[in-house]
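Biologist: I'm new to this one. Could you walk me through it?

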Amino acid sequence: MDVSGGSGQPRSGNDEPAEHSADPTAPATGPTDHSGPEPDTPAPRADDAEETRAPGAGPDSDGAPGPGNDEPAGPEHPAPEHRTLAHSGIAKGEPPEPRPKEPGGGILMGRPFGVPVYVAPSWFLVAALITWVFGGQLDRVLPELGAARYLVSLFFAVAFYASVLVHELAHTVAAIRFKLPVRRIQLQFFGGVSEIEKEAETPGREFVLAFVGPLLSLVLAGLFYLAMKPVEPGTVPGVLLAGLMISNLIVAIFNLLPGLPLDGGRMLRAVVWKISGKPMTGTVAAAWVGRALAVAVLIGLPLLNQSGALGGSGEDVGGMDTVTDALLAAILAAIIWTGAGNSLRMARLREHLPELRARTLTRRAVPVENDTPLSEALRRANAAGARALVVVDADGHPLSLVREAAIVGVPEHRRPWVAVSGLAQELTEGMRVSAELAGEELLDVLRATPATEYLVVEESGEIYGVLSAADVERAFVKAMARPT
């Protein structure tokens, strides 16, 4: 089954949905996950300007005063909500850990097309289950194999997941073709996921991106059918080819069902998006169809098995088989229902992304020189209603940002003897953020250089203020709590 990646893109195979995060990060997508913000970057969510703006932040800039000037650099600060820098209570924690270079997720198997492929620990559980179930079928068809039937069954399990990987690679190649970043492919319980971190720009691309997975599964089913022709039935190769043909056909048909998070749901979303002109409308329609599909699977799958409509004999169904069918139906229904809900949350996140603006969330800042005592710097900031300190050189050029967490750690009686330079973090190129950035573009910049504070500058290079990662994260959470 296909579930959403970090950006709500298709994930394919028959697997559990991973929620994103909102990672903005993804803007995963992803489900993966996907969920609150990832630890290395604020989550891409926004709320009303009055709620997301840090107390004292405003929409206008005063420019960049020179060193020693008490006039703050940054947006205007409404007096009623003023809180002092030393007692604001924001960003008191340690800097977030940077995102690992590798996304992880199990055993790394390779990098086709430059995308890491992982096998999750849950795959081994499913492989053992497939080996046991298929081995029982082989015992009835080829009893002469004896215990060797389990080796044949294990080979079938590996070959089936290789087919799922081909399904995933189809999504990956299409995403690369459309210039959409793919974080990883993961083979796991009930199939695999392709974590595509951004959404397709048009409904046509969305449709193609979703359709290529089932299409490749259908092609594989056809190839296995053709390979069966010269093979004698009732032999090990014949049984394996027949099993792979049927399993790929089931994967293709199941994924074409028109409900999120399946590929068919992505295709339905693309069609409604095209008709309505609104991707959110397509997501809502496909998600509710997905929830209806989950209920249908929960009720209908056991009934179909008992009736013999899926190939078995209804008379042969025993108590244990009934329990197994019900458990399988419950797992599939839960996966579909959860994936549909994740897709709705990701769509709501994307709808709020444009509200996430660097200019709106920026804190007002006061420029100070390296040797300025902390007590004097705080006096200037509090007098100006600012909540951030920027260390500048003699010409007024920014050098570093004074970390609020470091300020809180200095007792008041020592502040006259501590220079701000000892509490500052040197500015790197990635910590300079344009005041014009907003939405996913802003999150991409913050994700590239994890930090607790960023210097926000105008296009002219003048200091606008300081952006706190904690403020962005808080805006993310508020946006997700607000109904669309």
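This is a predicted model: local features need pLDDT of at least 70, side-chain atom pairs count only at pLDDT 80 or more; totals for chains, interfaces and linings use all residues.

Biologist: What handedness does the β-α-β unit of E9, H12 and E10 have?

Modeller: The two strands are parallel, and helix H12 (residues 439-448) is the α part of the unit they share. Together, E9, H12 and E10 make a unit that is right-handed.

Biologist: Which residue in E11 is the bridge partner of Val 456?

Modeller: E11 covers residues 463-468 and pairs with E10 over five bridges, in the antiparallel sense. The two form a hairpin with five residues between them, and Gly 461 in the turn has a positive phi of about 100°. In E11, Val 456 is bridged to Gly 465.

Biologist: Are the two faces of E10 covered or open?

Modeller: In a regular strand, side chains alternate between the two faces of the sheet, so each face is checked separately. On one side Glu 453, Leu 455 and Val 457 are buried, and on the other Tyr 454 and Val 456 are too. So by the under-20% cut-off for buried, both faces of E10 are covered.

Biologist: Which residues have the most contacts inside the largest nonpolar core?

Modeller: That core has 38 residues. Helices giving two or more residues to it include H2 (121-141) and H3 (149-177). Those with the most contacts inside it are Ile 130, Phe 160 and Tyr 161.

Note on methods
Residues are numbered from 1 along each chain as its sequence is written. Side-chain values use heavy atoms; hydrogens and water are left out. A nonpolar core is a set of buried Ala, Val, Leu, Ile, Met, Phe, Trp, Tyr and Cys residues joined through side-chain atoms within 4.5 Å. Buried means under 20% relative accessible area, exposed over 50%, partly exposed in between (1.4 Å probe, protein chains only). Helices (H or I, at least four residues) and strands (E, at least two) are DSSP runs, numbered from the N terminus. Two strands pair if DSSP finds at least two bridges between them. A crossover is right-handed if, with the strands pointing away from the viewer, the path from the first strand over the helix to the second runs clockwise.
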